[in-house]
Amino acid sequence: MALADKWTIARVLDEIAQYIELSDPNRFKSRAFERAARAVENLNEDISDLVAAGRLYETQGIGKAIGPIIEELVATGDSRYLKDLQKQYPAGIFDLLRVPALGLKKLGILYDKLGVASLEELELAAREGKIAKLKSFGPKTQTKILEGIETARKRESQYLLTTGLEIGERLRERLAAIDEVEDAEVTGSVRRRLEIIRNVNLAIATNDSAAVQKALKKVVDKFEVIDEQTVRGWARNEMPAWFHLSTPETFGANVLRTTGSAEFVAAFEKKVRNARLTARTEHDLFKRAGIPFVEPERRESSEDLKVKRVRLVEPSDLRGTFHVHTTYSDGRNSVLQMLTSAKDRGYEYVGISDHSKVAYYAGGLTEARLDEQQAEIAEKEKEVKPLRVFRGTEADILPDGSIDYGPETLKRFDFVVASVHSQFGMPKDEMTERILKALDDPHVTFIGHLTGRKLLVRDGYSVEFDRIFDKAARRGVMIEINGNPNRLDLDWRHIRNALDRGVIFSIHPDAHSIAEMSHVISGTWVARKAGLSAQQIFNTLPVDEVEKHFAARRKLSASRSLRA
DNA sequence: GCCGTTTTCGGCCCGACTGTTTTCAGTCG
């Protein structure tokens, strides 16, 4: 029984690579550790079996230095090599990577020459002008770092929704275990599925708030009583959690009020003329108020009280999905593993799309590798019948707006996800023209992650949405709702506008592993926040209609290239 | 550090951008 599995080992090797990059001028040394980490991840065999059989060193990328580290991890679950490195640097030094323009090399120099290992020390050094004087640094870098610190600070109090969901659910379970707690529910921006949040809220029903307050002290590390009904607490290194207490009889109002948004709640209370309605559940509260129930995702503004209620799309409405990567490019699971996970989700169809040729950094496929990939799909799809497997690609939209691979190769695909992966800094008009030109290519089926944003890391590139939506609608090119929790791109705030202009959406996981197939769920949050029903999502269609659509697109691209 | 030799050193996935440089290193995708 191994004490470390391949994922743990890969993480250790990656961490070692980071430390080496800090200190060692030979960049290829850290690369070697990264390559070994990827090699370990891609093993198809149990790593402890491999070690036991003495065949570890047959793996490409594992040699006489990294091999023993892996053997030690398998045997003891620990690495002395990593521990020594950790001792040489203060904990948390890698947090500084959140400052844009600061990479591992610069971080290494800053620590070496100035002893800088925290945001505060970095800011002080920059303000005193010490950074500009360092070799290979200068005044512009120093200014950039100061700006970067601002960005990092602003983001420090913000968290991804998925983090809030995890913390909220954990707290809810612990609350539910307290005797005096009748009911507990995660509310606030987490319940509204807002993509960026600042805190976690929980509504608690109890007849003994004193006892619950006492018990809460054991649930969190830090604790502050705001008033009789409200307690704020913090778990170590986590965002603040607000606990809102009420009697079981008024729990419905408690849930409504603490779910928010403030604007929505105010509109609700105005509508019922501030009558003090009591109800044990939120649904009862709506009923007593004579207002049709509003899904929590749809409670951002007062307008949400007025719009016509529709049944919002749910994950179970999706009959398949697209934009799935495999080990052929930068995915971590094989073709068969990804197909199997689609089948296990009960899908009728799935579309595989590895990166295109120019995406070297992501292992983009040359035409020769594409042949191999398609041959493997043809072989493995027999094992997952009746799942229908569509052949696709995530093709780069090149800086001039043309699509990577060119028409001869693009013809081979059932669908093409076209995405921007380079030159993010293009001016708005150029970036817009670039995407508009991509929409002219008849091979393009979907536009992937339209704005390229990475939540809390970088803003998306700026584009003129109206022009892109209009043309996408005219050309019959669909726009992806990328469900990766780090992206959630397109932003839900833009979707209603796109819909009014005739755009069709499709919810994709952008999955790089089996686990990431569940990103379609976060994708549905975006769609629900925008008020979309199943009828407005392409991949709720049954497989024969999807096939029909692709066939029609192919005919179109054939006729257009004839005319050209 | 790993690999693979025209076997014990030299190359290692690309390209744009930026700021620091007189020719290139670090960062980002």
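Student: How many cavities of 30 Å³ or more does a search of the whole structure find?
Tutor: One. Keep in mind that this is a predicted model.

Student: What volume does the largest cavity have?
Tutor: About 50 Å³.

Student: Which residues line the largest cavity?
Tutor: Leu 161, Arg 193, Glu 195, Arg 453, Leu 488, Trp 492, Ser 522, Trp 525, Val 526 and Lys 529. By class, that lining has five nonpolar, one polar and four charged residues.

Student: Which helix gives the largest share of that lining?
Tutor: Helix α21, residues 519–529. Four residues of the lining come from α21.

Student: And which domains does the lining of the largest cavity draw on?
Tutor: Domain 2 (159–291) and domain 3 (392–563) each supply at least three residues.

Student: Let's back up to the domains. What does the domain assignment of chain A give?
Tutor: It gives domain 1 (6–154), domain 2 (159–291) and domain 3 (392–563).

Student: How many residues of domain 2 and domain 3 are in contact?
Tutor: On the domain 2 side, 10 residues, which touch 11 residues of domain 3. The C-alpha centres of domain 2 and domain 3 lie 37 Å apart.

Student: Now pockets. How much space lies in the largest pocket?
Tutor: About 1200 Å³.

Student: Which residues lie nearest its centre?
Tutor: Arg 38, Asp 330, Arg 332, Tyr 361 and His 512.

Student: Where does the largest pocket lie relative to the domains?
Tutor: It lies between domain 1 (6–154) and domain 3 (392–563), because both give residues to its lining.

Student: What about the second largest pocket, how much space is in there?
Tutor: About 380 Å³. Its lining has 20 residues. Nearest the centre of this second largest pocket are Ala 253, Arg 257, Glu 269, Arg 276 and Leu 277.

Student: Which elements each supply at least two residues of that lining?
Tutor: Strand β7 (240–246) and helices α12 (251–259) and α13 (262–271). The largest share comes from α12, with five residues.

Student: What sits in the loop between α12 and α13?
Tutor: Ser 261 is there.

Student: Where is the cis bond from Lys 385, and what is its omega?
Tutor: That bond runs from Lys 385 to Pro 386, with omega near 5°. Pro 386 belongs to the loop between α16 and β10.

Student: What does helix α16 lie across?
Tutor: Helix α16 (residues 367–380) lies across β9 (349–355) and β10 (388–396). It runs at about 160° to β10.

Student: On to the open sheet. How many strands form it, and in what order?
Tutor: Seven, in the order β8-β9-β10-β11-β12-β13-β14. The pairing is parallel.

Student: Why is one side of β8 and of β14 left without a neighbour in the sheet?
Tutor: Because β8 (320–324) and β14 (505–508) stand at the edges, each with a single partner strand.

Student: At the β14 end, how many bridges join β13 to β14?
Tutor: Four, and the two strands run parallel. Strand β13 covers residues 478–482. Ile 481 has Ile 507 in β14 as its bridge partner.

Student: Last one. Do β5 and β6 pair in the parallel or the antiparallel sense?
Tutor: Antiparallel, over five bridges. Strand β5 spans residues 222–227 and strand β6 spans residues 230–234. Lys 222 is bridged to Trp 234 in β6.

Student: How many residues lie between β5 and β6 in the hairpin?
Tutor: Two.

Terms used:
Residues numbered from 1 in each chain as written. Chains lettered and ligands numbered in written order. Predicted model: local features only at pLDDT ≥ 70, side-chain atom pairs only at ≥ 80, totals over all residues. Heavy atoms only, no water. 1 Å grid on protein atoms, 1.4 Å probe; cavity = no way out; pocket = protein on both sides within 12 Å on 5 of 7 lines; lining within 4 Å. Points joined across faces, edges and corners; volume = space filled by probe spheres on them. Domains from an automatic or database assignment. Pairing = 2+ DSSP bridges. Contact = heavy atoms within 4.5 Å. Axes fitted to C-alpha atoms, helices over the stretch in contact; angles between N-to-C directions. Nonpolar A, V, L, I, M, F, W, Y, C, P; charged D, E, K, R; others polar.
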